[in-house]
Structures are given as structure tokens and as C-alpha cells.
Amino acid sequence: MLSCPTSLSLSHSYCSMAYSQCLFWTCYHHLNQHVYPTINRSFKAKKTSIICANYISRKRCILKATRSNNTEANNEKKERRVRILIAGGGIGGLVLALAAKQSGFEVMVFEKDLSAVRGEGRHRGPIQLLSSALGILVGIDKGVADQIMEAGCVTGNRVNGLADGLSGDWLAKYDLMAPASKAKLPVTIVISRMTLQEILLNAVGSHIVFNKSKVVGFSQDTHKAVVTLDDGRKFEGDILVGADGIWSEVRKKLFGSQEASYSGYTCYSGLAEHVPSYINTIGYRVFLGPNQYFVASDVGNGKMQWYAFHKEAPRSIDTLEDRADKKERLMELFGCWCNDVTTLIAATREDMIFRRDIYDRDMIYSWGIGRVTLLGDAAHPMQPNLGQGGCLAIEDCRQLILELQSIKKRGFDAITLYEISSALKRYEQARILRTKIVHVVTRVASKSLSGYKPFIYLWTLRLPHIPFQVFGFFLRLVTPYFMTWLLTGRWHSLMSVDYQSGRLSESGL
């Protein structure tokens with residue numbers, strides 16, 4: 001009985017608690033039905049507003065970022081420089097690289113062997129740079145041109161010309177000083193190829209020139225040109241220029257394999273440590289004789305460079321069996337010539353005499369296809385009897401850069417395959433006539449020596465050979481004009497140079 005009140009009390013407490021909970025949940029439900037709907041709707045509205053605001057903000061950020069990326073991409077596209085790939089790091093390739101670099105192009109040069117001996121006494125000897133070529137170098141980079149002229153030996157301020165090999169008498173003289181002064185151009189010099197190459201290489205930058213990198217192939221499409229090196233590496237660019245000489249791989253890939261033409265002459269070259277008595281008055285002379293000729297030039301530092309050309313069958317380069325008898329062979333060929341010739345041969349050490357056969361190629365009238373073109377000996381290899389190979393290559397460089405600058409000025413959108421190929425064709429057309437004339441003259445000059453006969457002998461009498469006398473008169477009449485044209489020529493009509501300031505201006509374009 002005592003438990004009942006307790007149970008009743010507990011039951012009553014439980015009921016009171018249950019009632020209180022029931023009342024609470026009833027009130028909560030009532031509030032939820034009348035108050036919370038408003039709160040929920042307000043919360044949902046605010047939530048939706050916040051979500052919309054965040055979405056719009058994110059959208060604006062995305063649009064802004066997209067526009068920023070597009071702007072950066074467009075700026076990058078507009079600022080992208082035209083890349084010129086050059087096969088060959090000889091004189092032509094390095095001058096082109098320097099001109100391209102100074103004009104704001106991106107450039108890469110690939111050379112198979114920069115350490116190859118190309119200098120004094122080694123086959124090719126020093127290079128002659130006429131006023132035209134020096135003027136172009138001044139226009140490209142006056143500082144570099146000054147280094148070249150300081151390192152070279154000036155020959156244009158002395159008498160130069162053609163002489164008879166037997167007697168040494170002058171056949172024709174030409175003045176290299178007056179035309180240069182009139183055109184406000186530097187005076188003709190000769191300079192070691194190695195020295196010239198070193199000056200140009202330093203100016204271009206070793207990071208631009210890839211040594212031990214021979215170009216063996218290329219491909220091109222509407223967007224790019226790609227070169228393949230002998231080690232398998234590939235590089236892309238907008239333009240490819242083959243400046244890889246007479247045995248050009250680029251030319252072979254463009255137009256197929258073509259045999260070079262043997263000139264009929266082999267060349268012995270030598271460097272003599274000898275200072276002749278006429279050193280202050282004569283720059284260089286070309287001594288002529290039947291089927292042979294001899295070129296002698298002051299190269300400075302107490303040295304004379306000479307070249308002996310003789311008509312004979314080709315034997316490629318020096319062989320072991322003929323290295324020891326070249327001097328003896330030369331005395332057989334030129335021993336009866338004038339003292340100025342024989343003295344130079346005698347003053348030259350045997351180990352400083354080298355021999356090579358002379359080749360050229362027939363002139364072609366298209367130097368490229370699409371994004372690819374040729375320059376210098378790769379485009380127009382010729383015989384060295386006028387000493388114009390290097391000069392014409394330098395002229396090619398300047399003309400090519402002038403045409404490519406016309407593309408650069410029109411902006412990135414104009415750099416299409418059509419625009420590039422058109423510019424390269426204009427370059428060819430501007431250069432072909434001049435190079436063709438020089439090419440023809442070099443061949444005619446070599447062939448004309450076959451009929452060189454200044455005198456005829458009647459019993460014991462030596463009489464002038466009339467046809468030769470007529471030829472000599474014509475030579476004396478024409479040579480000054482031809483040399484003036486070589487010194488100025490097409491280059492002079494394209495641009496003028498203030499030599500003192502090095503400023504170059506274009507005209508006639």
C-alpha cells in the first residue's frame with residue numbers, strides 16, 4: 001500500500017513532464033507554422049541572392065580572366081619575332097645573322113665546323129672586300145665594320161690591275177680609290193678569313209651560332225620551316241636560308257643533286273713572308289699568260305698572298321704524293337715569267353703552298369621555294385678570278401633583310417606563307433641580274449686566257465699580235481667602268497651610307 005502513493009506520485013510527475021513537453025512542442029509547432037515560414041522565406045531569398053551575387057561575381061572574374069588571357073595572347077602574338085634559320089656559318093651566314101639580329105629578327109645559325117681552317121695560306125686565303133661590301137657592313141653595324149677595316153690591309157689606295165706575266169708590263173690599271181670617295185664609301189681591303197669570321201662571330205654571339213651542327217635536310221608547310229641536323233635534332237623557324245656554300249645541302253634538297261662544273265683550272269695558293277720594293281705603290285696585280293694566271297696581293301704584316309691558276313685536269317685536293325713537289329711544279333709552270341712572280345714563289349715555304357681544283361655551277365634563276373631560299377655561293381657559286389664571292393654574299397644579305405623588313409613592318413598577321421615567299425622572290429629578282437653578270441665575266445675571263453697571245457714571232461722578229469692589241473684596247477676602255485660598277489653597282493642605287501655616322505637609309509623601294 002505504501003508503494004501506491006509513490007507510484008501515483010511518479011506517474012503524476014511523469015504526466016506533468018509529458019504535458020509540459022506536449023505543451024512545448026505544441027507551441028513550437030504553432031510558432032513554426034506562423035513565424036518560421038516568414039523567416040524561412042526570408043532566409044531562402046537571402047540565400048538565393050547571395051548565390052546569384054556569387055555566380056555573377058565568379059562570372060565576371062572568369063570573363064575578366066578570359067579577356068586578360070586573350071589580351072596577353074594577342075600581345076604575345078603581336079610581339080612574336082620572325083625567326084630566321086641559317087644553314088652555314090661562313091662569311092655570308094654570319095653577316096646575314098648580324099643584319100637580322102640588328103633588325104630585330106630572331107636568328108639561329110647552324111655550322112658544321114667553325115674550327116675549319118679557312119684563313120691565310122690554307123686553300124682560299126684572305127678575302128677581298130670591295131667598297132660596296134664594306135659600305136653595307138657599315139650600314140649593318142658601324143662598330144663591327146670599323147673592327148674589320150682596322151684588322152684588314154687597305155689595297156684600294158694603290159694601283160691595281162692586269163699585267164703581262166712574261167714582261168710584267170701593265171695591260172690595264174683601275175682606280176679603286178676615286179669611285180669609293182665619290183660614293184662616300186670605305187676603301188677596298190683584304191683581310192684574313194679567320195680574322196673576319198672571328199669578328200663576325202663575336203658580334204653575332206656564340207649563343208646564336210650552333211657549332212658541329214650540319215643541316216642535312218628540311219621540311220616546310222604553311223606555318224613553319226623545320227631543319228634537321230646530322231645528329232637528328234630539329235629546329236623550327238619562319239624562314240630557312242641556305243648559306244652553306246657551293247656544296248649546299250639546302251640547294252640539293254630544293255632542286256635535286258646537280259653536278260658542279262670544273263672550271264678547267266687548278267689553283268695553287270701560298271703565303272710568302274716577303275716585302276717587295278713596290279709595296280707602297282701596288283695593291284694587287286693579276287699576271288696573265290696562256291692557259292694560266294698569277295694573282296699577287298699585299299695582305300699586310302709583311303706578307304704577300306698569291307694564287308697560281310693553271311689549266312689542267314682535276315685532281316681534287318692535295319694528295320700525299322704531290323705535297324712535296326708543288327714548288328717545283330710551280331717553277332716549271334711560271335719559271336720563265338717576270339721576276340715579281342718567281343720571287344714570290346721562291347720566297348714561300350713548301351708547307352705553305354696548297355692546291356685545290358676550282359669549281360662553279362651553272363646559274364639558276366630561282367633560288368628558293370616557299371619559306372626557303374639560298375644566299376652567296378649556295379645560290380651563285382663562281383670562279384674566284386674576280387675575288388667577288390664574299391662581296392656578292394654580303395650584298396645578298398642586305399637585300400634579303402631589306403625585303404624581310406617590309407614584312408616585319410606590317411605586323412604578325414601579314415607573316416603568312418604567301419607574304420614570306422613573295423619577299424624571298426623579290427630578293428631573288430633584285431639580285432639575279434648583278435650576280436649573273438659577274439658569273440658570266442668570271443667564266444669568260446678564264447676561257448679567254450686560252451687565246452692569250454700578246455706577240456707573234458716571225459723568224460727572229462717579235463711582232464704585236466693585232467687581235468690581242470685590239471683586245472687590250474677594249475680591256476683598258478671597259479675595265480674602269482666595270483670596276484666602278486662592282487664598287488657601287490646595284491647596292492648604291494638601293495641605299496646611301498653616311499660613312500662617318502654609319503647611318504643607312506633606304507631609297508627606291
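Cys267 counts as buried, at 1% relative accessibility. Buried here means under 20% relative accessible area, exposed means over 50%, and partly exposed lies in between (1.4 Å probe, protein chains only). Cys391 is buried too, with a relative accessible area of 0%. A search of the whole structure finds 0 disulfides. A disulfide is counted when a pair of cysteine sulfur atoms lies within 2.5 Å.

This is a predicted model, in which local features need pLDDT of at least 70, side-chain atom pairs count only at pLDDT 80 or more, and totals for chains, interfaces and linings use all residues. Residues are numbered from 1 along each chain as its sequence is written, and side-chain values use heavy atoms, with hydrogens and water left out.

Confidence comes next. pLDDT is the predictor's confidence in each residue, from 0 to 100. The protein averages a pLDDT of 81, and 75% of the residues score at least 70. Over residues 1-53 the pLDDT is below 50, and this stretch has 4 contacts beyond near neighbours in sequence. Residues 490-509 also have a pLDDT below 50, with 46 contacts beyond near neighbours in sequence. A contact means heavy atoms within 4.5 Å. Where pLDDT is low, the predicted coordinates should not be read in detail.

Now the overall make-up. The secondary structure comes to 14 helices and 22 strands. Helices (H or I, at least four residues) and strands (E, at least two) are DSSP runs, numbered from the N terminus. Buried residues make up 48% of the 509 residues. Among contacts between residues at least 6 apart in sequence, 74% join residues at least 24 apart.

Start with strand E12, residues 239-242. Ile239 and Val241 point one way from E12, Leu240 and Gly242 point the other way, and all are buried. In a regular strand the side chains alternate between the two faces of the sheet. Strand E1 (residues 83-87) runs parallel to E12, joined by 4 bridges. Two strands pair if DSSP finds at least two bridges between them. Val241 in E12 is the bridge partner of Ile86. E12 also pairs in the parallel sense with strand E18 (residues 372-374), over 3 bridges. There, Val241 stands opposite Thr373 of E18.

Next comes an open sheet of 3 strands in the order E9-E10-E11, with antiparallel pairing. Strand E9 (215-220) and strand E11 (234-237) stand at the edges; each has a single partner strand, so one side of each is left without a neighbour in the sheet. Neighbouring strands of this sheet are turned by 25° against each other on average, direction ignored. Axes are lines fitted to C-alpha atoms, for helices over the stretch in contact, and angles run from 0 to 180 degrees between N-to-C directions. Strand E10 (residues 225-229) pairs with E11 over 4 bridges, in the antiparallel sense. Val226 has Glu236 in E11 as its bridge partner. Lys212 has a positive phi of about 55°, although it is not a glycine. Most residues other than glycine have a negative phi.

A second open sheet also has 3 strands, in the order E3-E7-E4, with antiparallel pairing. Strand E3 (127-129) and strand E4 (153-154) are at the edges; each has a single partner strand, so one side of each is left without a neighbour in the sheet. E3 and E7 pair in the antiparallel sense over 3 bridges. Ile127 stands opposite Ile191 in E7. Helix H5 (residues 142-151) packs on the sheet and touches E3, E4 and E7; the direction of H5 makes about 85° with that of E7.

The loop between helix H6 (177-182) and strand E7 (189-191) contains Lys184. Lys184 has a positive phi of about 55°, although it is not a glycine. Lys184 is exposed, with a relative accessible area of 62%. Pro186 is found in the loop between H6 and E7 as well, but Pro186 counts as buried, at 4% relative accessibility. Pro186 and Gly135 are 51 residues apart in sequence and 6.3 Å apart in space, C-alpha to C-alpha.

The buried residues of H10 are Val341, Thr342, Leu344 and Ile345. They cover an arc of only 160° around the axis, which puts them on the same side of H10. The arc is that of the directions from the helix axis to the C-beta atoms. The buried residues of H10 pack against strands E13 (261-272), E14 (282-289), E15 (292-300) and E16 (303-311), and against helix H9 (326-334).
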